[in-house]
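Subject: Structure handed over, with notes

Dear colleague,

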Amino acid sequence: MTSRKLLAGALATVVLAGACSSAAATPTPAPTTAPTAAPTTAPSTEPASQRASEAPSTAASETPASPTPLAPDPAEAVIPNVEQGAEIHFWTFYLSPTFDQYLKDTIARFEATYPGVKVDWEDHQATFKDDLNNAFNAGSAPDVINLSVSEGWVSEYAGKGLLLPLDDKVPDAVKNIYFPGLWKEQLVNGVNYQFPWYQGLNVDLLNKALFTKANVDPASFPKTIDGIPALCDTFAKAGSLCTIRLTMSDLLAQMVYEGNVKVLSDDGKKFTFDSPEGVAWLQMYVDMVKANSVDQTVLTTTDDRVGLNAFIAGGSPFYATGPNLARQVKDQNATLYGNLGMVQQPIGKSNVSGKGLMSISVKKDTKYPNASLALAQFFTNPRSMVEFSKQVAIYPSSPSAYDDPFFSSTPATIEDSARPLAKDIISTYADIVPTVPSKADVNEIVSKAVQSAIFGGVDAQKALSDAVDQANKLIK
Amino acid sequence: MTLRRRLIPYLFLAPALVLLAIFVVYPIIAVVGYSFTDYDIVRPPVFVGLANYEKLVDDPTFWLSIQHSLVYLLVTPILIVLSIGLAIVVNRAMRGIHIFRALYFVPAVSGSIAIGLAWTWLFDRNGFINSVLLSWGLIHTPIQWLANPSMVLPIAMLLTIWAGVGYYSVIFLAGLQNIPEELYDAARIDGCNSFQKHRYVSIPGLRPQITFVAVISSLAALKVFDEIYVLTGRTGGILDSGVTIVFYLWKQAFVLSHAGYASAIAMALLAMTLVFSIVNVRFLERGDAEA
C-alpha cells in the first residue's frame, strides 16, 4: 500500500510539475514596439508595451552581432557647457538584453566624447510607465528618458510640466540635423520636448497564398484606405477574414490620419470629430463589421500580438505591422514566410503616411541639463543611429544618416526590403494630431461611441455627436 | 504581573503588527485619503472633497461594473454544488484516485494568467472550440466568441468555475473525511439510499466548509480581475461587456490615471465586500444554529 501511495505521489508530482512548467512556458505577449496601428497608415498610438512591432527587438534570441565599437569622435560633442562631474540617469524602454552591447558601447563612446560625465543606464520593460510615474511622484525620475512618440508619452509628460523644453536650449545647427517633421512632432503649445530617435516603417505583411486563393493580385493591394473594405469583402467570400485594427488607445489620431478628420476646433475649445468626415470614417468600420469581413476580436484588441498571432497562424490575408516582425513569421511559420509579401501600408485621407516612433526627452528639473541634453542628442545623432540600424530594422531620424552605404545596399531578406525606401517614407512623417486636452478621457468617450456604432447598432452620426457633447464637457 | 511579563506577548506580536500596519492599515488609510482627491500618480494629489463620490453616483460604467460583479456571484453556488459533488465522487478508495485528485487540482496551482491565455486560445476564432463545432457540423463559420458582448462574462465565469472546483473540492473532501463513518452506518440502517445519505449526513456535516467556501468564493467573485483582464485583452470587452468592479478600478487608476477616482471605487468595493461578508456569515451561522 505504501509503495502504491509513493508511486501515486510521484506521479502527481510529475503531473503538477508538468502543469507548472507548461504554464511557465506559456508564450506571454512579448511587449515590444512598432510603427503601426490599424489597417492603414495611421501611426501606432496604442501603448507601446502592448504592441508587438514597435520595439526594435524581435526576439531575445536574436541578439545581434556585436560589431567593433565605434571610436570616439570629438565632432559628436555638439552640446556646449556640459557640467563636469555630472552623473546622469538614463532609462530606455524594452531594449535589454538584445541591445545591451550597443547601448553600453554608445554610452562608453559618449563618456569618452564628454569626459567627466557618467551615465547610469537602466532598461525598463512592461512596467516602464508605472515605474516612470512612480519615479516622478517620488522625485527620482531619470534625467534622460526614452519616450514613445507614437503613444503620445511626450505630450503627456510635457503637458504636465515634467519635461525640459528644447527649442531655446539646443543650438539651431543641432536641430537641423533631424527631419523637420520629426523635430516638430508632438509639440505642446508650440514647443518641442523631444529628440527624435529610432523610427519604424508602416508596412502590410501579405499572405500570398490567401491572395492566390481569393484570386487577388498582391500588386493590386490598395494604395489608399478606401480600398480596404472592398478587399476584405473579396477575402471574406474566399473564406478568410481581414485582421485590421482600431487603435483603441488613440482613436482620434486614427481618425485624423485615416479619415482626415478635424478633431478639435482651431481655438481648441470644441471637439469637432462628429463632422461628415468623422462619420464617414466610422461608417467604414461599421460596414465592414456588418459585412462580417473582419475579425472582430482583432479589430478591438489593444494588443498587437493578437492580430500578429492570427496572421502568423496563416488565417489572415494581410496585417499592418513593422517590417522587423517578418522575422517572427520566419520563426513561427516557415511555410507562411515562404509566401510572405510586404507592401507599404495604404495611405489615409490625410495623405500623411505616419508619425515618429521613439524619442528621447530630458526631465525638467534635472541637476545636469546640458549633460542630459548631450546624452539625448548623442543617442539620436546620425552616427549612433546608423550603428543601431545595422543591428535591427529601425531607421534614423536624420536625413544625413541615410547617406551611409548601408541604406543603399540591396536587402538580403524580405524584412529589410523596405530599407531603400525608408528615407523617402520617413521624411514625410509628421504628427498632424493636435494636442488633445484630457486625451485619455476623451479617447475613452470616443472608444465607447465607436463601439456603440460598430457593435451596438447606434447610428454613427448620433454616436459621434453624443461623444462630442461629452468630450466638450472635459474642456476647461 | 510584572511590566515585563505584560509586554512580552506584544513583543511577539510586534513583527506581524508592524507588517500589517505597513502593508494593510496604511494603504487602506491612504486610499480613504486619496478618494477625496484628484490624483494622477505623477503629480501631488489635490483635495476635491466629495467630487469623486458624486461622480460615482452618475457613472453608468461604475453601475454596470457592479451589475457584472453581482452576476459573477452566480459562480459561488455553482462552485459549491460541483465541488461537493466532486468531493463525494473522489472520497472513496479506488484505483488511481490519488492521480485523479492531483489532476483536478492542477488548475488551482496554475497561474491565472496562463489559464486565461489558454482559454483565450480555446475560444479564439481559429481555436479548439470552433474547430470541434465545425468538425461536428454544428456550425458552418467560426464563432467570434470573445467579440460577442453577451458571451464574455459567461466564458469568464466558466473559467472561474473550472479553475476553482478542484481547490474547493479538496476543502470539502477534508470535511467529508472528518464525518464519522458511524453516521453513514446509522443512515443505512434507517433505510437511506445513497442520495439521502449525502442529503442527511454529508451536507449537514459539511456546513462549516460550505460557510467557508461561500464566503471566500463570493469575495473572490466580487474581486475578479485576472480572467477579465486576459480574456478581453485588457479592454474589458466590447461595450464594457466584461467590466467588473475591480477591472474598472484598475482601468481608472492605471489606464486613465485617475487614482483618486479609483480610490473612491475601492471604497465602494470595500463597503460591498464588508456588507456581503457580514450578511453571508450571519446567514450561514443562523442556518447552522437551526440545523
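In this predicted model, H9(B) passes H10(B) in a right-handed crossing. Helix H9 of chain B covers residues 181–189 and helix H10 of chain B covers residues 194–205, and the two pack at an angle of about 140° with their axes 10 Å apart. H9(B) and H10(B) are therefore oblique to each other, since an angle counts as roughly antiparallel over 145 degrees. On the side of H9(B) the contact is made by B:Leu183, B:Tyr184 and B:Ala187, while H10(B) brings B:Lys197, B:Tyr200 and B:Val201. Sorted by class, this contact of H9(B) with H10(B) has five nonpolar residues, one charged residue and no polar ones.

The axes of helix H8 (residues 149–177) of chain B and helix H11 (residues 207–222) of chain B come within 10 Å and cross at roughly 160°, which makes H8(B) roughly antiparallel to H11(B). This crossing of H8(B) and H11(B) is right-handed. From H8(B) the contact takes B:Thr160, B:Gly164, B:Tyr168, B:Ile171, B:Phe172 and B:Gly175, and from H11(B) it takes B:Gln209, B:Phe212, B:Val213, B:Ser217 and B:Ala221. The residues of the contact of H8(B) with H11(B) divide into six nonpolar and five polar, with no charged residue.

Helix H13 of chain B, residues 245–255, is mostly covered, given that eight of its eleven residues are buried. The buried residues of H13(B) are B:Ile245, B:Val246, B:Phe247, B:Tyr248, B:Leu249, B:Lys251, B:Gln252 and B:Ala253. H13(B) is followed by B:Ser257, which has a positive phi, near 60°.

For chain B as a whole, I found 14 helices and two strands, and the C-alpha trace spans about 80 × 70 × 35 Å along its principal axes. Of the 291 residues in chain B, 34% count as buried. If you take the contacts in chain B between residues at least 6 apart in sequence, 70% of them join residues at least 24 apart.

Chain B also touches chain A, and that contact takes 27 residues from chain B and 34 residues from chain A. Two elements of chain B, helix H5 (97–109) and helix H6 (112–122), are those that give two or more residues to the side that touches chain A, and H5(B) provides the largest share of that side, six residues. By class, the side of chain B that touches chain A has 16 nonpolar, eight polar and three charged residues.

Turning to chain A, its domain assignment gives domain 1 (78–200 + 356–426) and domain 2 (203–353 + 435–472). The centres of these two domains of chain A, taken over C-alpha atoms, are separated by 29 Å. Eleven residues of domain 1 are in contact with twelve residues of domain 2 of chain A, and the domain 1 side of this contact divides into six nonpolar, four polar and one charged.

Lastly, is A:Gln283 buried, exposed or partly exposed? A:Gln283, which lies in helix H10 (residues 276–290) of chain A, counts as partly exposed because it has 17 C-beta neighbours inside 10 Å, whereas a buried residue needs 20 or more. The C-alpha atoms of A:Gln283 and A:Ala471 are separated by 20 Å, and these residues are 188 residues apart along the chain.

With best wishes

Methods. Residues numbered from 1 in each chain as written. Chains lettered and ligands numbered in written order. Predicted model: local features only at pLDDT ≥ 70, side-chain atom pairs only at ≥ 80, totals over all residues. Contact = placed C-beta atoms within 7 Å. Helix = DSSP H or I, 4+ residues; strand = E, 2+ residues; numbered from the N terminus. Nonpolar A, V, L, I, M, F, W, Y, C, P; charged D, E, K, R; others polar. Buried ≥ 20, exposed ≤ 12 C-beta atoms within 10 Å, placed from the backbone. Axes fitted to C-alpha atoms, helices over the stretch in contact; angles between N-to-C directions. Parallel < 35°, antiparallel > 145°, perpendicular 65-115°, else oblique. Left-handed = near helix turned anticlockwise from the far one by under 90°. Domains from an automatic or database assignment.
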